[in-house]
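Please read the points below alongside the coordinates.

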Amino acid sequence: MSLPYGRAALSLPRGRAMPAEQWETHHAFVLRALTVLLLAVPAYALLRGHGPVTAALNTVPLLLLVLVARAPALHRSTRAGAAALGLMVTAALAVQLSGGATEAHFLFFALLPLAALYAARAPFLLAIAFVAAHHFLLGTLLPHAVFSHDVDPLPMAGLHAAFVLLESWACLVAWRRFDDRREQIEQVVAQRTGELQAQRDELARLAAVVQSTDDAVITTTPDGTITSWNPGAERLYGWPAEEIVGRHASLLSGGDPLPRDLSVIPPGSQERRHRRRDGSVFDALVTFSLIRGEDGRPTGVAGISRDISGSKRREAEARATARLLEKQAGELARRALHDPLTGLANRTLMQDRLEHALADRRVRRHAVLLLDLDDFKVVNDEAGHEAGDAVLTAVARRLESSVRPADTVARLGGDEFVVLMEDVEGRRDVVTVAERLLGALREPVEWGDEQFTVGGSVGVTLTDPTDRRGMDDLLRDADLAMYVAKSGGKNRVRVFERGMREEVAAQDELVRDLRAAVSTGELRVLYQPQVDLRTGAVTGVEALARWQSGSRGLVEPAGFIAVAEATGVIDAIDDWVIGEACAQLRSWDASGLPELRMAVNVSPRRLATGDLAVTLAAATRAAGLDPARLEIEVPEAVASGPDAAAGIRDVRALGVHVAIDDFGTGSSSLARLQDLPLDRLKIDSSSVALLAAGSASGSLADAVIALGNSLGLEVVAEGVEEPGQLAALRSLGCTSAQGHLFGSPVPAAAVEQMVRTGRPLIDAA
């Protein structure tokens, strides 16, 4: 009944190798069955009446196969084959020991399916082959060893063959179905395993992100019970997970209420106030997400929180910084175009507006007014720069209120202002505005307990349709007109005319000649005697500079001193006069004349520069003179200014005497005079001139002499020209004087002759 091996092999499913773990499980089951059968064979032999030896001998083949099947070193196919043969050998032994009883043959059919547990060809074919060999070969050769003696072997063999084939077919079908089902299940399992693996990997990645992120990741039930709490939440809120999980999310609220059902919160980000464990409240940006189950219903809420207090603070600081920068930019822009002291337009803004105005001057006429304050330096010198700033600020407000709303008022620097009047009707309108500006300046400016009055000079230039002057030309012409107004007596308005350029050109030529005169020896010194009114003797002289120009002839001080002051040439003239005066004193001393005092006028600017004392020290040292032989004369108007006061103290510390010149014409403070180290007061010639017209008592000269006596200062009268003035001065107690009555400024030789004659110049009585 055996089938050809090739067909039998092809009819069996090849299947796939059973996994090792599953194979070991099936093999262990078969081995347990073989162990039971190994014990049952000798017991069955003894039960059938066989002796112990027979029972033992019948057990040996089965024992050997069981040992082979249990050997772990052998390949699993060998072990499976040994187990299959062991099953079939057990059935054969049972048939033999039973004497071929039919019931024993059914053991083959009971054990054959166990060989199918290996799901492999070899063990199953080996088992079938054993049954075929046992029934056909052994049943033919030794029929009584296989079948009962009273049974025909051939029908029994056929019957058994039918059963074996039927069972083999059943096993084959079951095996094939099992293998197909197993493949489907494995595919499903592999697919599902892959999906689960992917989900697990994704969940693992998400879990890693949640655990490592600095943000707080929290999940709750829809009613607000906290279900998860990552390390970021612990760091942000301060609660460990074991203390917070299971509690309500309202514990985190810093004032913003939560709805009872958190699932109604719209997904997305929103700012909320949250609270930490220590009670501190902070601004949090919370991103809400809804968690849904498989049926789509909400099962929870996930929230990701981040502390944005720092970022909001930085944003607020950034906005504040931006506002500050914007304000500073505006302030810088304002400062770039406006004067920092007065708030008026500065030169840059004025030039810009003037350029725009000049662009349409063929259609409209414009005017430029340049205003320079008169005697403003006196304010700074007497009261300090703080008072000067107050005056400039007050002047700026007055100028703005005196012009039209569309006009531009600018400060060019120092005490110089400019007004741009666009679209003017004519010269008369412009002059009217200029005079209104000067009128506004005449009102006193109050500063503390003091009042200051400053005037001004205004230069005006106008454009016309044929005008080709540029911005610089207009400003220069306005400056020329202002210069002419100031030189004409100050507090005036002058409109630019082309002839003014020739005047200024002549003035420039005068300056050039004067600069050259210092170095070419054209300057000379004349000396006016100062007389003691009690004795009539010459006690000193005043050195006066004269300019003997080769082209202009003798130029009196009024013709060049003001120009020298304005251009700075006066410094060189002062130094030269001081040197000449010291040298002349030395020469007179050498010729045997009595010691005389030398008075020298100095420029007010020299007191502010701080180098006058250095010049005096050098000159007296070069001439070998005692500095006490020198006296400098300082105008009253500048004597009490802070810079001049410092210069006076430096000169007085050197030993040089100091006299206040033209006293009575200024507005010096008595308190300030008391603070200065002065020696003499010189009564101005205008005050002396009044003495001839009336009584000396109650005059300004009387007040000056009384003041000098009260301060312990010697008083010298200037400009004495008439005997009546001399008599008045004597009656007032004045002891020294100078003027044409005693002698005009003369060369040094005339002074020497005057002193040597020894005759009084006046009647001492």
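1. A residue is called buried when its relative accessible area is under 20%, exposed when over 50%, and partly exposed in between, using a 1.4 Å probe and protein chains only. The model is predicted, so local features need pLDDT of at least 70 and side-chain atom pairs count only at pLDDT 80 or more, while totals for chains, interfaces and linings use all residues. Residues are numbered from 1 along each chain as its sequence is written, and side-chain values use heavy atoms, with hydrogens and water left out.

2. Across the whole structure, 5 aromatic pairs are found, where rings of Phe, Tyr and Trp (its six-membered ring) pair if their centres lie within 6.5 Å, with planes under 30 degrees apart counted as stacked, over 60 as edge-to-face and the rest as tilted. One of these is the tilted pair of Tyr237 and Phe282, with 5.8 Å centre to centre and 55° between the planes. This pair links distant parts of the chain, since Tyr237 belongs to helix α9 (residues 231-237) and Phe282 to strand β4 (residues 281-292), 45 residues apart; helices (H or I, at least four residues) and strands (E, at least two) are DSSP runs numbered from the N terminus. Tyr237 is buried at 1% relative accessible area, and Phe282 is buried at 2%.

3. Tyr527 and Trp588 form an edge-to-face pair, 5.4 Å centre to centre with 65° between the planes. Here Tyr527 in strand β13 (residues 523-532) is linked with Trp588 in helix α19 (residues 570-590), 61 residues apart, and both Tyr527 and Trp588 are buried.

4. Trp229, Tyr237 and Phe282 form one aromatic cluster.

5. Leu607, in helix α20 (residues 604-609), counts as buried at 2% relative accessibility. The C-alpha atoms of Leu607 and Ala644 are separated by 4.8 Å, although the residues are 37 apart along the chain.
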